[in-house]
Amino acid sequence: MEDAVRPNEEAFKAMFERGYCTWFSLYEMTIADTKTHLLWWDCLFRLENAFLDYPCFPKNLEIDASFSNTVIAMGISTWKTTQGFCDLPSFDQEFLIPVASDRPTTLAISDSQKSTFMFPRNAIEDDNHITLLILAWTYILSARWAEIIPGVSGPEYNNCEAEWADRNIPLECASTTVIIDLGDIDDDAARWWAAVLALEGGWDASISSDKGHILHSPWYTKLVSEKRFALSRGTTSLPLPTQRHAASFTTALGYLSHYCEFHKVAQQSHAALAATLLLPVARFDNRRVQLPTPRVHHRARLNSETTCRAPIWSDNLIQLDRLLTLSCNAVGTKALLNSIFFEPGVACNICGAWLQGTFAFLDSDIVQDQSILLSVLMKRDPSLGFLWLGAFITGAQTCALQEARQAWWKIDLHVAAWTGTLMSFIQEPVSTLPLRAEDISRADECRLMYLSHSQYYTVPPLFPFAPFGSTAIIDTNIDVRQHARCKASHSLEYEGLKWRCRGGQRTASIIPRIPSRAKDGQPTDGNISVTYNNLDNEDDDSSEMVTRNIFTWLRDEDGFPVAERAIREHEWIDNLDSDDDCPITGDAQSTAGGNLHGWLLKAMTRRSNSL
């Protein structure tokens with residue numbers, strides 16, 4: 001007897017092969033590209049023009065400081081549902097972005113190469129400045145944050161400073177000290193670097209919540225290092241005044257630009273910015289970041305005229321503001337990273353096979369080298385490449401890959417729209433039904449229910465994979481029946497947003513509709529030796545979890561029609577956490593009612609607490 005929910009062994013194996021071969025094709029593309037250039041260095045330059053329609057925080061932003069652990073920026077987005085004549089209206093959706101933190105992200109600096117991802121540098125950049133540059137970027141982003149977010153004080157220096165190498169360093173400390181050559185800099189720049197590189201934290205930018213709690217910028221960090229930093233500059237320095245005025249955002253950007261020019265590390269600075277953008281993700285995941293001990297060789301002094309250039313990003317401030325806004329939203333960043341594992345056309349009941357095949361390849365000996373793994377992941381969606389590079393530098397890839405392996409990642413439709421990223425089946429257009437069709441795919445049924453936006457369907461399905469099969473139109477709810485045969489085209493289209501600003505005002509950001517990018521990687525027709533060791537269609541927890549969730553969303557309000565009796569009574573669906581929920585009996589169309597809603601809330605709570 002055919003299973004009502006589970007795919008048969010042949011279909012499961014075919015989907016496993018599709019996953020394996022898709023990623024194998026990406027690997028082949030990566031190897032071909034690396035013969036001519038390094039993929040990740042290409043991605044770094046995307047930082048300068050990535051996601052040009054991503055919104056920025058307005059200057060008169062209103063914030064909600066009523067929480068004890070964060071401050072929230074708020075807005076309303078508008079979504080269009082129809083192309084053509086139809087009475088299905090647009091709808092508004094509130095969005096929230098946290099813009100402050102109650103605890104630091106710990107940066108553990110170590111000599112151990114096992115503790116961090118080591119990426120290759122080009123012939124010019126033979127030193128490793130990544131850790132120093134990340135610390136500089138945490139200040140710069142925080143200084144810009146202080147200019148944008150109302151109520152922020154700072155940045156301000158405190159009494160903690162990195163020491164100077166021209167002061168006598170005890171002989172016994174020489175092996176545990178890293179000398180940082182800053183070049184020929186003045187006292188103001190020297191004081192800034194002394195604050196930025198102080199292991200105890202030499203500066204702060206903060207904001208108070210309405211409850212009196214002191215909160216910090218999203219890039220607030222705490223350092224734990226095996227070695228101390230000792231600073232060196234071209235001129236012998238006298239003791240610096242501790243209370244010197246802290247550098248502004250623009251001034252700090254100039255200091256960083258001078259350092260990058262002196263050491264010829266512009267590419268490493270871009271990589272460090274990519275990593276700094278991922279620090280809020282590390283805090284969200286409650287994880288410390290492992291970074292390498294800096295390796296900085298003494299540089300020959302150059303004529304000052306050759307080192308004076310416009311500060312990095314000074315002529316592209318709007319782009320830096322976009323990246324700052326993106327970085328504040330850790331949940332959205334995680335959704336972008338995991339979006340590469342979504343495959344259109346893969347249904348919920350077989351997504352586990354797709355992911356099993358995916359990780360059968362990604363876990364194979366072919367991609368055990370972390371640099372190759374990174375390149376393959378970046379190749380799936382090159383526009384997200386700089387985020388994946390930042391993830392590997394900060395260690396965020398471990399959690400992202402674990403969530404993907406288990407099919408446990410969430411979508412963010414706002415971030416998807418702002419970046420043109422395809423994250424979920426819900427973003428795809430509703431198909432046009434044949435004239436005399438009596439059924440509608442359950443994927444289109446879900447789309448129309450969400451587009452109709454009744455009170456029970458104002459939140460999209462939690463996971464990206466579509467339900468399998470179809471539903472008789474007569475068994476769908478009234479909104480679906482009304483629009484299934486509509487002559488207009490229906491799809492989810494982002495129209496714009498309005499930030500909530502001070503004085504009750506709204507600042508509109510008109511963002512054009514951005515078509516979603518297609519994912520790269522097509523299964524090749526060549527002879528690929530697929531490894532089936534990890535194929536397991538008997539214990540497919542991922543498909544079971546996603547299937548139960550999407551059918552809970554789909555049938556929560558009106559219940560299961562009689563035609564879906566076998567689905568409702570299937571072990572993947574029937575095992576709900578409720579004593580009152582009973583199988584379908586008699587001729588009634590709906591029986592599940594609100595009990596499924598209770599299960600969903602409890603399931604979401606359990607999952608949220610486990611992350």
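This report walks through a predicted model of one protein chain, from its overall make-up to a few local details.

## Ground rules

Because the model is predicted, local features need pLDDT of at least 70 and side-chain atom pairs count only at pLDDT 80 or more, while totals for chains, interfaces and linings use all residues. Residues are numbered from 1 along each chain as its sequence is written, and side-chain values use heavy atoms, leaving out hydrogens and water.

## The chain as a whole

The protein chain has 21 helices and 16 strands; helices (H or I, at least four residues) and strands (E, at least two) are DSSP runs, numbered from the N terminus. Of its 611 residues, 56% count as buried. Here buried means under 20% relative accessible area, exposed means over 50%, and partly exposed is in between, with a 1.4 Å probe and protein chains only.

## The nonpolar core

A nonpolar core is a set of buried Ala, Val, Leu, Ile, Met, Phe, Trp, Tyr and Cys residues joined through side-chain atoms within 4.5 Å. The largest one in this model has 188 residues, and F57, W192, F341 and W388 have the most contacts inside it. Helix α3 (residues 130-148) gives the most to this core, with 14 residues.

F341 shows what such a position looks like. Leaving aside residues up to four places away in sequence, F341 touches residues including W23, W354, F359, W388, W409 and F465.

How many of the residues in α9 are buried? The count is 10 of 12, and the helix is mostly covered; among the buried ones are Q319, D321, R322 and C328. The 12 residues of helix α9 (residues 317-328) should span 16 Å at 1.5 Å a residue, and the end C-alpha atoms are 17 Å apart, which agrees. The expected span is 1.5 Å times one less than the number of residues.

The axes of α3 and α9 come within 11 Å and cross at roughly 95°, which makes α3 roughly perpendicular to α9. Axes are lines fitted to C-alpha atoms, for helices over the stretch in contact, with angles from 0 to 180 degrees between N-to-C directions. Angles under 35 degrees count as roughly parallel, over 145 as roughly antiparallel, 65 to 115 as roughly perpendicular and the rest as oblique. W137, L141, R144, W145 and I148 in α3 meet L317, L320, D321 and L324 in α9. By class, this contact has 7 nonpolar, no polar and 2 charged residues. Ala, Val, Leu, Ile, Met, Phe, Trp, Tyr, Cys and Pro count as nonpolar, Asp, Glu, Lys and Arg as charged, and the others, Gly among them, as polar.

Helix α6 (residues 266-277) and helix α13 (residues 385-394) have axes that come within 7 Å and cross at roughly 80°, so α6 is roughly perpendicular to α13. A271, A274, A275 and L277 of α6 make this contact with F386, L389, G390, I393 and T394 of α13. The residues divide into 7 nonpolar, 2 polar and no charged.

Helix α10 (residues 330-338) is largely enclosed by the rest of the structure, because 8 of its 9 residues are buried. Those buried residues include K334 and N338, and they pack against α7, α9, α13, α14 (396-405) and α15 (413-419).

## Around K222

K222 is found in strand β10 (residues 221-225). Is K222 buried or partly exposed? K222 counts as partly exposed, because its relative accessibility is 48%. K222 touches P104, T105, T106 and L107, not counting residues up to four places away in sequence. The C-alpha atoms of K222 and R288 are separated by 9.6 Å, although the two residues are 66 apart along the chain.

## Backbone details to look for

Most residues other than glycine have a negative phi, and most peptide bonds are trans. A cis peptide bond joins G154 and P155, with omega about 5°, and P155 has its place in strand β5 (residues 153-157).

Two residues other than glycine have a positive phi: N286, near 55°, and H453, about 60°. N286 lies in the loop between α7 (279-284) and β12 (289-292) and is exposed, with a relative accessible area of 64%. H453 lies in the loop between α16 (442-452) and β14 (470-472), and is buried at 16%.

Terms used:
Contact means heavy atoms within 4.5 Å.
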